[in-house]
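The report below looks at selected backbone and sheet features of one protein model. Please read it alongside the sequence and the coordinates.

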Amino acid sequence: MGADHDRRARRRPLRAGVLFGSCGVLLAGCASMPDSGNLKAVDASQRPDSQSQVRVYAMPPGEDAGPVEIVQGFLEALTSDDPEFAMARKYLTKEASKGWNPDVQTTVLENGPSTGSGSVGDDGDTGRSFPLTGRKVATVDEEHAYQLDNRAYNQVVHLTQQDGPSGKEWRIDRVPPGVVLGQSDFQRIYWSVNKYYFATRSSGAPGGGQEGLVADPVYIRQRIDPVTETVKALLDGPTTWLKQVVGTRFPTGTRLKADTKTLAPDDQGKLTVPLNAKADPIGQERCTEMAAQLLFTLQDLTSSGVEEVELQRRNGSQLCVLSKERAESVASRRTAEHPDFQYLIDDKRRLVRMPAGAGGKADPQPVQGQLGNGEQPLRSAAVSRDEERAAGVSLDGRSLYMGSLVSEGPLGKPEVRSKAKSEEDGLSTPSWDGRGDLWVADRDPKRPRLLWLEQGAGEPLPVKISNLDGRIEAVRVSADGVRIALLVKKDGKTSLRIGRVERTGAKGEQPVISVVELRQAAPQMEEVTAMSWAGGSRLVVVGRESGGVQQMRYVQSDGSVPAGAPLPGLTGVKEIAASEDERQPLVAHSDDGIVRLPTGAQWQTVVKEGTAPVYPG
């Protein structure tokens, strides 16, 4: 929360004796605010969770406000629910207000901005300067993309005196770029939303065309017309990190019609979206794909209530209409698939399964085929997303076998072999993407590599990984096949990295598979022990912070931590499995055996003896 808490203690009284503060509560009988002194950061944990849902309004500068009060008021106004930051601009000179663009970036500080005492300028400068300092957590850029950043924040606010209605008044004439606020204020104000775009050929869409939607997470201000802002963000196109492997069906330059102020669904949940002339000539097929992008994007905006989308030409005539029920037939969102079973390795080293989503204790049954009869002992396995095939890693970790789950037949020779001498090394748990391709890491210290098998068979291809610093310990590919989560070990510590998957090569030729632009996720964890995709852009991660105990939490693929209640504690978690269908319970291997977490409940033991739980994928 930062200095916001300290600033609240110094606010001036209001005419009505009531104050809407950025802490989200009504404050009465506030003491007057001094016009001198220092500001200092306060731990963000001091904000009670119950205060986060109250709408916040900023206050204008008071008469005879001193420099400290002006700086405090401006920083406070940045945390308000003011759509255009009109009140924050009242603390600026006219020239500074014209040059200030709050949308250029949002800087998130760990404990909010701190400032020392102001200093008087030299060489005839009669103004005052205040340093703004703090430790960055992240920035949100003009694309609304969240980017981790742990560098120091050092900026200066400069004030000058200008003529006002009642004489000289202090105003800010030099202001840092964009908006700066504390982490708790950011979590209260901003909301993570998934935009959806089509996977392109470079991301491996089957047949070289466009098929399947990919989640692109961004942050919007949740109380400032979120539907309109989300639609605008979708029309702006994919974020820089993702745009090399996804595309939009909206023609270049498509925007909302110029006179559109706000968008809201009607009483039947229908949202009408008027577009500019760029969209006028498109046909019905492409229009329905555009509408599908909109519908899936707005479904992730849980408060939207949108059941149907109508796109309009500039003259107001209808382009197309698409309902939520029809959207899946227009463009599949692979994360919406509902798994039939959960899988694990039982105490006889067989691949077994139990019904997905079943409450209480389960009675796992061996899968059909050779991987379920125990003749080849397994230590881990991965099940294809259609639940017709499985890849199993031998107990010694050196061989990967492919087996059918729908028919009997010989197991055959291993698809992959590792030359690792130690059983602690060897092959990782494999992972299937939504295209039907298989990924596995060979952790042989002498020859570590990430391997890709087209449709789970044939010659394994080594994957090029840019800027990999360490050895891959675990692999999980997202359902769309565009992003890959890796646990990377270096100097005895394991961290979570997210990379973008690119495929190059002419049609009919052997592709070149690359993982590029690795970025850190879960930076607050010093050691990550397990992870799994748990939605379109969300993962569940098990690890511990420096000097702390093991924790389990959700993180976004961009490295941010979504707001919400923490996951219930669990002792000795070794492995974690989540479905990208977020309605399914988490499943974990812990000191209590195989356990799962149904929605709204506590962890329940379902199998006392077992390891390596997985969902299809």
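## Strand pairing and backbone features

In this predicted model, Ile345 has Thr611, a residue of β39, as its bridge partner. That contact belongs to the pairing of strand β16, which covers residues 341-346, with β39, where three bridges join the two antiparallel strands.

A second topic is the backbone of two loop residues. Glu387, although not a glycine, has a positive phi of about 60°, and Asn467 likewise has a positive phi of about 60° without being a glycine. Where do these residues lie, and are they buried or exposed? Glu387 sits in the loop that connects β19 (378-383) with β20 (389-394), whereas Asn467 is found in the loop between β27 (464-465) and β28 (471-477). Glu387 counts as buried because its relative accessible area of 11% falls under the 20% cut-off, while Asn467 counts as exposed because its relative accessibility of 72% is over 50%.

The values for the two residues are set out below.

| Residue | Phi | Relative accessible area |
|---|---|---|
| Glu387 | about 60° | 11%, buried |
| Asn467 | about 60° | 72%, exposed |

Methods: Residues numbered from 1 in each chain as written. Predicted model: local features only at pLDDT ≥ 70, side-chain atom pairs only at ≥ 80, totals over all residues. Heavy atoms only, no water. Helix = DSSP H or I, 4+ residues; strand = E, 2+ residues; numbered from the N terminus. Buried < 20%, exposed > 50% of the residue type's maximum accessible area, 1.4 Å probe, protein only. Pairing = 2+ DSSP bridges.
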